[in-house]
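Good morning, and thank you for making time for this presentation. Please keep the sequence and the structure in view while I speak.

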Protein chains: 2
Amino acid sequence: MAGEVAIVGAGQSRFGVLKEGIKSLFAQAFFECLDSVDKGMDPRQVQEAFVGSMSFGGGQLGNLAALMTEQVGLTHIPARKVENACASSSYALRDAWFALHSGMLDVVLVAGVEKMTDLPSDRRRYWLGVSGDTEWERLAGTTFAGLYALMASRHMHEYGTKRESLAQVAVKNHRYASHNPKAHFQRPIKLEQVLEAPMLAQPLTLYDSCPVSDGASALLLTRAELAKSFTDSPVYIQASSGASDFLALHDREDITRVDGTVKAAKEAYRQAHLSPGEVDMAEIHDAFTIGEIMALEDLGFCSKGQGGVWTLEGRTEIGGDIAVNTSGGLKAKGHPLGATGAGQVVEVFKQLRSEAEKARQVSGAEVALTHNVGGSGATVAVHIFSR
Amino acid sequence: MAGEVAIVGAGQSRFGVLKEGIKSLFAQAFFECLDSVDKGMDPRQVQEAFVGSMSFGGGQLGNLAALMTEQVGLTHIPARKVENACASSSYALRDAWFALHSGMLDVVLVAGVEKMTDLPSDRRRYWLGVSGDTEWERLAGTTFAGLYALMASRHMHEYGTKRESLAQVAVKNHRYASHNPKAHFQRPIKLEQVLEAPMLAQPLTLYDSCPVSDGASALLLTRAELAKSFTDSPVYIQASSGASDFLALHDREDITRVDGTVKAAKEAYRQAHLSPGEVDMAEIHDAFTIGEIMALEDLGFCSKGQGGVWTLEGRTEIGGDIAVNTSGGLKAKGHPLGATGAGQVVEVFKQLRSEAEKARQVSGAEVALTHNVGGSGATVAVHIFSR
């Protein structure tokens, strides 16, 4: 089953506080993606589109999949929006993967797009907040930083995870982002800056959090047997899996782990016939720094409770056990909700083809994993890729 | 290819102005659907869920697919929301169809849910309006009734379609709804009532428009070879197709037709190896009465311009050439956006199994078609089913 779907093109807009509107961002990503197809692709070959998005383009534009595809000349093809909070375009990828596996399509577009900075601050808070539990969390005043702060506190209590480990996630990811021209943040930061930044929710400061970003990302997928007609270097999807969890933290058995991640990862390794130790690089959902530490454990890269230690010891850096968030991650590359999941795959596409900027290229990377979360863990998607 | 996916269960809540919240509506539809599986199904057999919805449960609840599946005990399965305006759950069906065709899943849930009447009127107008073109239509003050009024006026001008033909669509569909205990409207109406009702947008009056409804619908799908272990009377999906069109009317070549419908229908007949004349019954997107008349033509049931004549002559009634909207249609059964597409299939499931209420059962129906539109035609899905 594995490896029957290939990625033959990938592109993205810059992520950040951008002046362009949602249509323009989508077009930037789509045309960069189309141009990345080595042997060329006629856009009329694209038969269907799966578009991940959440916030209706600043809250103004609906029927988004039809509108976005219309903008880039893909008029009349079937298109739909997939919305799973911050994991939207990873589920768009999963559904496109099913569609190609069915054998009924040859070429499909997977994309993600979000224009967040147009939203007034109360609407922005609303669009973010609704991804968590509304009745027991959001309407009681809980923020996403607050939810992740609860997880961080418990993780520190249970496993002795140090405050510095969380901060080191931010330091590492800002450093990689400083070498990624598409990243929201372009400057490295120091550990002290994280520790001394304004407090969001104890123990998380401003630098433990991802920013509010605009952006778009796009992928062109084909059935594997057609891939070589588009490029000599396709990237194959070896596994696609997803899982859900309770929205509200209080319903979960243990808030130091995300069961959706544990479950989806297990299924992904089964499909790919791989163990965690065979993964060379991973793009992990680090909306908050504790998210990366927990995911290192839940994805099986290290044992439970060791995510912080691994981070401090540099084992998640290039040259360590596994290179994590070489793009800068959500933390520093940016987090335009619906564009994030497909954006992770843009990084994988570049890395596995050795096309990343030199300072952040993982030498000889052959197997990559993406991990994308919606809400505080209610929705998870895991994908595994190979050259 | 055709017929490899089967529907083995179908259920829905009542459509209407309901006191229940979105979670309760979803649960009603799911459990009625589960109970409808003749030989029984353990909910743990459901491997994945595709949920069509648009308006976030009165605008308050996000991460909707995970939240809804959690409510009915389907915790931890992969679930996603599919949003394509009023065609959301038809695209959820299409994506589930792809997933089952891939051979990687055995049993999936397709559902749709919408809680519209909780929305304050300005937000309701917003959530409806964003499905059309925002920049050239909505923000200029155009309503959906206004858009369909433009189509109706042009159709009357080009083809001599009579005002009474539009009204007769409403009369027919209210009559069928009066025999459907799940329908929003339970009373037949007279032609004069439609003609004399308050004007929405010339020539459409209040009775030419569907109502604002709450509701949920659910379907259980399996690969065809597994269907008989769940029921002796599965309904097979013979075709699934979709197409897009320009959001704004002024970009379309001819506003007396919907090119998305024409294109999707052609592809559906190709997949099913059927001609329009072989379809016994159809659930058609009649958000406004002119929509049913245009779709009769665009789906190939009658020639262009004859939709009104066919309606007045009773050729779209039970016993005529084709039985259209025996459920009552969006017009009278109700139109809870995301629940509408899957709801059309609930009607098909009942009709093809001869389980509809006697006064509206299409005797010996073997082939059925559903037609679901998002916006004023920007998104279309067409499915064909058989016993």
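Predicted model: local features only at pLDDT ≥ 70, side-chain atom pairs only at ≥ 80, totals over all residues.

Leaving aside its neighbours within four places in sequence, which residues is Phe144(B) in contact with?

The residues in question are Leu128(B), Gly132(B) and Ser376(B). Phe144(B) itself belongs to helix α6 of chain B. Is Phe144(B) buried or exposed? Residues count as buried when 20 or more other C-beta atoms lie within 10 Å. Phe144(B) has 23 other C-beta atoms within 10 Å, and is therefore buried. As for Gly132(B), 12 residues away along the chain, its C-alpha atom is separated from that of Phe144(B) by 7.6 Å.

Leu128(B), one of the contacts of Phe144(B), brings us to helix α5 of chain B, residues 121–129. In this helix Trp127(B), Leu128(B) and Gly129(B) are buried. The cover over the buried residues of α5(B) includes α6 of chain B, residues 144–159.

Let me now turn to chain A as a whole. Chain A contains 14 helices and 12 strands. Along its principal axes, the C-alpha trace spans about 55 × 45 × 40 Å. For 387 residues, a compact globule would have a radius of gyration near 21 Å, and the 19 Å of chain A agrees with that. Of the 387 residues in chain A, 64% are buried. Among contacts in chain A with a separation of 6 or more, 78% join residues 24 or more positions apart.

How is chain A divided into domains? Domain 1 takes in 5–120 + 213–236, and domain 2 takes in 143–209 + 238–386. The centres of these two domains of chain A, taken over C-alpha atoms, are separated by 23 Å. Their contact draws 39 residues from domain 1 and 35 residues from domain 2. On the domain 1 side, the elements giving two or more residues are β1 (5–12), α4 (88–101), β4 (107–114), β7 (215–223) and β8 (235–244) of chain A. Of these, α4(A) gives the most, with 8 residues. By class, the domain 1 side divides into 20 nonpolar, 15 polar and 4 charged residues.

Two packed helices are described by the angle between their axes and the distance between the axes. The partner here is α14 of chain A, residues 340–352. The axes of α4(A) and α14(A) come within 5 Å and cross at roughly 70°. Angles of 65 to 115 degrees count as roughly perpendicular, and α4(A) and α14(A) are therefore roughly perpendicular to each other. From α4(A), the contact is made by Ser88(A), Ser89(A), Ser90(A), Ala92(A) and Leu93(A). From α14(A), Thr340(A), Gly341(A), Ala342(A) and Val345(A) take part. This contact has 4 nonpolar, 5 polar and no charged residues.

Finally, I come to the contact between the two chains. How many residues does each chain contribute to this contact? Chain A gives 44 residues and chain B gives 44 residues. On the side of chain A, at least two residues each are supplied by α3 (64–71), β3 (79–83), α4, β8 and α10 (259–272). That side of chain A divides into 20 nonpolar, 16 polar and 8 charged residues.

How values were computed: Residues numbered from 1 in each chain as written. Chains lettered and ligands numbered in written order. Domains from an automatic or database assignment. Contact = placed C-beta atoms within 7 Å. Helix = DSSP H or I, 4+ residues; strand = E, 2+ residues; numbered from the N terminus. Nonpolar A, V, L, I, M, F, W, Y, C, P; charged D, E, K, R; others polar. Rg over C-alpha atoms; globule rule 2.2 N^0.38 Å. Buried ≥ 20, exposed ≤ 12 C-beta atoms within 10 Å, placed from the backbone. Axes fitted to C-alpha atoms, helices over the stretch in contact; angles between N-to-C directions. Parallel < 35°, antiparallel > 145°, perpendicular 65-115°, else oblique.
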